[in-house]
Amino acid sequence: NYEINNINKDPNDFMVAAEIGLVCFYGIELGFKLVAHGRWFFFNKDMSWNILDFFLVVQSIYEQAILLLATNGTGVNLSFMRTMRILKIA
C-alpha cells in the first residue's frame with residue numbers, strides 16, 4: 001500500500017536502505033552459490049530456478065546501480081521485475 005499511496009513521491013530513506021540491503025544479501029548469496037556449485041549451478045535438477053534467481057539478482061543489481069548513478073534523478077524504472085520476484089515466491 002505504501003507505494004500506491006505515495007506513487008508520485010520518492011521512496012523514504014528506510015525503503016531505499018531496505019532495498020539496497022536485500023540486493024546486497026541476495027547478491028552475496030548468489031555469489032556463494034556460484035562458488036560452491038560452479039558451472040553445475042546452471043545444469044542441475046533446479047536449473048530453471050537457478051537461472052531465474054541469477055536473472056533476478058543480476059537485474060536487481062543493475063537497477064540499483066542505475067538508480068544510484070543517475071545524477072539527474074530520472075533513473076530507469078525497472079519495477080516490473082519486482083513482479084517476477086513475487087511470482088517466484090508464489
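# Helices, cut-offs and contacts

Trainee: How do you know that the length of helix 2 agrees with its number of residues?

Mentor: Helix 2 has 25 residues, and at 1.5 Å a residue they should span 36 Å. The expected span is 1.5 Å times one less than the number of residues. The end C-alpha atoms of helix 2 are 36 Å apart, so the two agree. This is a predicted model: local features need pLDDT of at least 70, side-chain atom pairs count only at pLDDT 80 or more, and totals for chains, interfaces and linings use all residues. Residues are numbered from 1 along each chain as its sequence is written, and side-chain values use heavy atoms, leaving out hydrogens and water.

Trainee: What makes a stretch count as a helix here?

Mentor: A helix is a DSSP run of H or I with at least four residues, a strand is a run of E with at least two, and both are numbered from the N terminus. By that rule the protein has four helices and zero strands. From the N terminus on, the order is α-α-α-α.

Trainee: What follows helix 2?

Mentor: Gly38 does, and its phi is positive, near 65°.

Trainee: How do you know that the span of helix 3 agrees too?

Mentor: Helix 3 covers residues 47–69. Its 23 residues should span 33 Å, and its end C-alpha atoms are 33 Å apart, so this agrees.

Trainee: Why is Gln59 called buried?

Mentor: Buried means under 20% relative accessible area, exposed means over 50%, and partly exposed lies in between (1.4 Å probe, protein chains only). Gln59 has 10%, so it is buried. Gln59 sits in helix 3. Its C-alpha atom is 9.9 Å from that of Val23, 36 residues away along the chain.

Trainee: Is Asn50 buried or exposed?

Mentor: Buried, because its relative accessibility is 9%. Asn50 is also in helix 3. The buried residues of that helix include Asn50, Asp53, Leu56 and Gln59. Across the 90 residues of the protein, 16% count as buried.

Trainee: Which residues does Asn50 contact beyond its sequence neighbours?

Mentor: Leaving aside neighbours within four places in sequence, Asn50 is in contact with Phe41 and Asn44. Contact means heavy atoms within 4.5 Å.

Trainee: Why is Ile61 called partly exposed?

Mentor: Its relative accessibility is 42%, so Ile61 falls in the partly exposed class. Ile61 lies in helix 3. Beyond neighbours within four places, Ile61 is in contact with Val23 and Gly27.

Trainee: What makes Glu29 and Lys33 a salt bridge?

Mentor: The rule asks for a side-chain nitrogen of Lys or Arg within 4 Å of a carboxyl oxygen of Asp or Glu. Glu29 and Lys33 meet at 3.9 Å, N to O. The count by this rule is one salt bridge. The two residues are four apart in helix 2, so about one helical turn separates them. Glu29 is partly exposed at 32%, and Lys33 is partly exposed at 29%.

Trainee: Why do residues four places apart point the same way?

Mentor: An α-helix has 3.6 residues a turn, so residues three or four places apart point the same way.

Trainee: What makes the pair Phe25 and Tyr26 edge-to-face?

Mentor: Rings of Phe, Tyr and Trp (its six-membered ring) pair if their centres lie within 6.5 Å; planes under 30 degrees apart are stacked, over 60 edge-to-face, and the rest tilted. The whole structure has three aromatic pairs. Phe25 and Tyr26 have ring centres 5.2 Å apart and planes at 75°, so they are edge-to-face. For Phe41 and Phe42 the centres are 5.1 Å apart and the planes at 90°, so that pair is edge-to-face as well. Ring pairs link Phe41, Phe42 and Phe54 into a cluster.

Trainee: Is Phe41 buried or exposed?

Mentor: Buried, because its relative accessible area is 1%. Phe42 has 25%, so it is partly exposed.

Trainee: Which residues form the nonpolar patch on the surface?

Mentor: Trp40, Phe43, Met47 and Ile51, with about 440 Å² of accessible area together. Patch residues have over 30% relative accessible area and no salt bridge; like charges are joined within 9 Å, and nonpolar side chains (Val, Leu, Ile, Met, Phe, Trp, Tyr) within 5 Å. Accessible areas come from the Shrake-Rupley method with a 1.4 Å probe; for residues, only the protein chains shown count as cover. Ile51 is partly exposed at 41%.
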